[in-house]
Structure formats: C-alpha cells, structure tokens
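Me: Could you walk me through some side-chain contacts and a bit of the sheet in this one? I'd like to go pair by pair.

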Amino acid sequence: MTDAGGERPIATILVTGGAGFIGSAFVRHLLATTTLTVVNVDKLTYAGNLQSLTGVLDNPRHHFARVDVCDEAALDRLFAQYAPDAVAHLAAESHVDRSIDGPGEFVNTNIVGTYALLSAARRYWQQRRAEDAAFVFHHISTDEVFGSLPSPGRFTEASPYRPNSPYSASKAAADHLVRAWHKTYGLPVVMTNCSNNYGPYQSPEKLIPLMIISGLSGERLPVYGDGTNVRDWLYVQDHVEALWEVIRRGASGETYNVGGGEELRNIDVVHAICALLDELRPRRRPHAELIEFIADRPGHDRRYAIDATKIECDLGWRPRENFASALRKTVAWYLANEDWWRAVMDGSYRGERPGIERGGE
Ligand code: NAD
C-alpha cells in the first residue's frame with residue numbers, strides 16, 4: 001500500500017491488452033520513459049495488433065505472451081515466471097457497437113476475464129505478502145459506467161453507476177469485482193475511469209479514425225442521430241501518463257476519474273476532422289459534404305463529462321494536450337501510417353509473428 005504521494009517500488013509490470021490502442025501506447029510509454037520490465041499479455045483479438053508495438057517488440061525489457069485473460073492457469077504461470085510488482089489491466093472488448101451485436105464476448109472477457117485475473121493476482125499476492133513485497137492491481141475502466149449525464153454536471157468518483165450498453169454494463173461489473181477483491185480480500189488495487197480517448201493506433205472502427213479514413217477514401221461519414229451527443233475527449237498519451245501516475249502513487253482502494261476537459265459534440269468533432277482533411281489532403285469538394293446522419297445507436301448516451309479534480313489535486317496530473325493540436329497530430333498520423341490501418345482493415349494482419357508466439361504462455 002502507499003498513501004497518495006508515496007511511491008511504489010516497481011521494477012516489473014504485467015500489462016493486459018498491451019497490443020490494443022491504449023495498452024500499446026502505455027507499453028511504449030513505459031519502455032521509453034522508465035527502466036521497467038513489461039510483460040505484455042494479450043489474446044490478439046481483432047483489436048490487438050503487434051504492428052502497434054513496432055519498435056518495442058525487440059526491446060529486451062518487453063516480453064509478449066499471447067494469453068487469454070480468462071485462462072487462469074496461464075496467468076498463474078506468468079505471475080510465477082515474471083513476479084510482477086504491478087498489474088495494469090486494460091484487456092477488454094471495447095467497442096459499444098459490437099457489444100450490441102454480440103454481448104457474450106463482452107461478458108466473457110470483461111467480467112469473467114477480470115475475475116480470472118483477480119483470482120490469479122490474489123493467489124500470487126498472498127504468497128508475495130509473506131515477503132512483504134509491494135504489489136498493486138490497476139483496473140482501467142471507462143466513464144461510460146456512469147451512464148448518461150444531464151447537462152450541466154460532470155462525473156465524479158462518487159457518481160452512481162448507471163451503465164446503459166452491454167459494454168458499459170460489463171465494465172461496471174468488472175469495476176465492482178475489483179472493488180470487492182479489495183474490500184473482501186485486501187488485494188491492493190487502484191482504479192481509473194477515463195473519458196473517450198483518441199490518437200495513433202486506434203482501431204479504424206472507432207469514431208475519429210473511422211471519420212479520417214472514410215474521409216480520405218471519399219466515402220460517406222456516418223454520424224449517429226443528430227450528432228449532438230457530447231463526449232469528453234482525451235489524447236491517449238495524456239491517458240497513459242495518468243495511468244502511470246496512479247500506479248506509482250495512487251492510494252490503494254481509490255478510484256480516480258481521468259478526463260480531457262474537452263467536451264465536444266460528435267458533429268463538431270467530425271467537422272474538425274473535415275477541416276483538417278481539407279487542409280492536409282484537399283479534394284475537389286469539402287469533406288464535410290460527405291457527412292450523413294444515420295439512425296441512432298440504441299441506448300446511445302447523450303453526454304459524458306469528467307470531473308478530474310481528484311487526480312489533479314492528489315497526484316498532480318493534468319492533460320498536456322488540447323483537442324485542436326492533438327487532433328491535428330492524430331490526423332497527420334493516420335495520413336502517414338496508411339499501411340498500418342489498411343492491414344488492420346483488410347484483415348491481412350492477425351498479429352502472427354514467428355518466434356514470439358509462445359502457446360499457453
Ligand atoms: P482495444 O479494443 O483497442 O484493445 C483491447 C486489447 O485487449 C486488444 O489488444 C485485444 O487483443 C485485447 N484483448 C481482448 N480480449 C482479450 C482477452 N480475452 N484476453 C487478453 N487480451 C484480450 O481497447 P482500448 O481502446 O485500448 O481500451 C483499453 C482499455 O481501456 C479497455 O479496458 C477499455 O474499457 C478502457 N477504456 C477505453 C477508452 C477508449 O476511449 N478507448 C476510454 C476509457 C477506458
């Protein structure tokens with residue numbers, strides 16, 4: 001345990017979901033800015049991609065294991081082999097639209113998988129406690145667990161849980177399991193609930209990459225409903241810096257809300273992307289002409305907004321980026337990395353990499 005402000009001694013961290021959008025940014029950040037050894041545990045679903053880890057796969061401080069977080073025996077082996085001082089649990093099914101079509105996988109990975117990881121972590125921590133060694137389990141969650149906000153108002157750590165989609169309900173269930181493992185068994189945990197992220201390596205099916213890629217291809221830009229749903233946007237690099245602060249210095253048992261403080265309507269985000277594309281990849285007609293309003297997503301939450309006062313006051317974290325400059329960086333990244341998103345989209349790349357596939361591990 002640490003009181004907020006103290007620092008945990010961490011030499012090795014086990015990151016789940018480290019081949020996904022936020023997880024890969026976190027792994028890159030840790031390897032670039034710390035001397036940590038990173039054990040990257042990922043099943044490599046459609047959302048996981050080793051090409052998102054280009055540049056770190058050969059780092060001797062990075063160990064990749066293709067493992068399903070529901071596989072407790074494989075997790076036990078990883079804990080025994082690497083003896084991590086911390087776990088950052090990001091692995092999840094993360095796309096709301098997919099959760100509407102197929103909720104089962106969300107229940108499995110997000111709830112059963114979190115249970116399996118907590119169980120393995122608890123067994124490991126119980127042995128480790130005898131040696132008085134530090135350990136912390138960081139659960140990474142979303143602001144969507146709080147449901148839809150009336151305007152005005154922002155989500156605090158005390159906001160009631162009111163999830164509305166199968167995705168947010170499965171994340172809410174996982175949050176409750178983590179809390180219970182702390183309260184009941186004493187497992188040292190920290191939790192974060194974050195707003196919408198954007199940045200490099202985000203799956204082409206999420207709003208911002210989808211609009212950039214469709215706009216580049218001259219295809220329609222489908223916007224749900226009337227486009228006035230509001231989200232609080234955070235650049236992924238700011239998020240991973242927050243995650244590291246919470247793991248190092250967050251008080252055990254505490255939850256921290258993480259947000260960019262950049263509330264925007266979806267339609268305004270899409271117009272901002274169109275304006276950047278007009279500037280960086282002009283076509284004969286403005287990209288905004290491609291916008292098309294489509295039937296709304298069932299259960300679509302109207303508004304999310306985060307009050308990040310706690311993490312700012314307790315841990316001194318604040319986002320460095322603002323939406324305009326970070327969106328420009330993001331659009332520029334997708335323009336410069338067409339190979340990455342084309343491979344993801346045409347399914348030609350499934351994460352295979354001879355030499356590092358170690359079955360069962
Ligand atoms: P992502 O979909 O890009 O990546 C998820 C990763 O988890 C993939 O690499 C996938 O292969 C892996 N995975 C899925 N099922 C697995 C399983 N059973 N076992 C092991 N690995 C598995 O997701 P993301 O956007 O990077 O989100 C990461 C985490 O952050 C999630 O827990 C999500 O709920 C949370 N979060 C995301 C956002 C956001 O805006 N993207 C905001 C707040 C919180």
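Me: Let's start with Glu338: buried, exposed or partly exposed?
Reply: In this predicted model, Glu338 is partly exposed, with a relative accessible area of 28%.

Me: And which residue does Glu338 form a salt bridge with?
Reply: The partner of Glu338 is Arg342, and the closest N and O atoms of the two are 2.9 Å apart. Arg342 counts as partly exposed too, at 43% relative accessibility.

Me: Where do Arg342 and Glu338 lie?
Reply: Both are in helix α11, which covers residues 338-346, and they are four residues apart, about one turn of the helix.

Me: How many salt bridges does a search of the whole structure find?
Reply: The search gives 21 salt bridges. One of them joins Glu279 to Arg328, where the closest N and O atoms are 2.9 Å apart.

Me: What about Arg318, which residue is its salt-bridge partner?
Reply: Arg318 forms a salt bridge with Glu312, with 3.9 Å between the closest N and O atoms. Glu312 is partly exposed, its relative accessible area being 25%.

Me: Which residues are linked in a network of salt bridges?
Reply: Glu7, Glu245, Arg248 and Arg249 are linked in such a network.

Me: Switching to rings, how many aromatic pairs are there?
Reply: Counting ring centres that lie within 6.5 Å of each other, there are 16 aromatic pairs. Among them is the pair of Tyr115 and Trp181, which is edge-to-face, with 6.0 Å from centre to centre and 85° between the planes. Tyr115 lies in helix α4 (residues 103-129) and Trp181 in helix α5 (residues 166-185), so the pair ties together parts that are 66 residues apart in sequence.

Me: Is Trp181 buried or exposed?
Reply: Trp181 counts as buried because its relative accessibility is 11%, which is under the 20% cut-off. Tyr115, at 38% relative accessibility, counts as partly exposed.

Me: Which residues form one aromatic cluster?
Reply: Phe146, Phe155, Tyr161 and Tyr304 form one aromatic cluster.

Me: And which ring face does Arg122 lie over?
Reply: Arg122 lies over the face of Tyr185, 3.6 Å from the ring centre. Arg129 lies over the face of Trp125, where the distance to the ring centre is 4.3 Å.

Me: Last topic, the sheet: in what order do the three strands come?
Reply: The three strands form an open sheet in the order β7-β9-β11, with mixed pairing. β7 (196-198) and β11 (263-265) stand at the edges with a single partner strand each, so one side of each is left without a neighbour in the sheet. From one strand to the next, the twist averages 50°.

Me: In what sense do β7 and β9 pair?
Reply: β7 and strand β9 (residues 230-235) pair in the parallel sense over three bridges, and the bridge partner of Tyr198 in β9 is Tyr235.

Me: Which helix packs on the sheet?
Reply: Helix α7 (residues 236-249) packs on the sheet and touches β7 and β9, and its direction makes about 75° with that of β9.

Note on methods:
Residues numbered from 1 in each chain as written. Predicted model: local features only at pLDDT ≥ 70, side-chain atom pairs only at ≥ 80, totals over all residues. Heavy atoms only, no water. Phe/Tyr/Trp six-rings, centres within 6.5 Å; stacked < 30°, edge-to-face > 60°. Helix = DSSP H or I, 4+ residues; strand = E, 2+ residues; numbered from the N terminus. Buried < 20%, exposed > 50% of the residue type's maximum accessible area, 1.4 Å probe, protein only. Lys NZ or Arg CZ within 6 Å of the ring centre and 35° of its normal. Salt bridge = Lys/Arg side-chain N within 4 Å of Asp/Glu carboxyl O. Pairing = 2+ DSSP bridges. Axes fitted to C-alpha atoms, helices over the stretch in contact; angles between N-to-C directions. Contact = heavy atoms within 4.5 Å.
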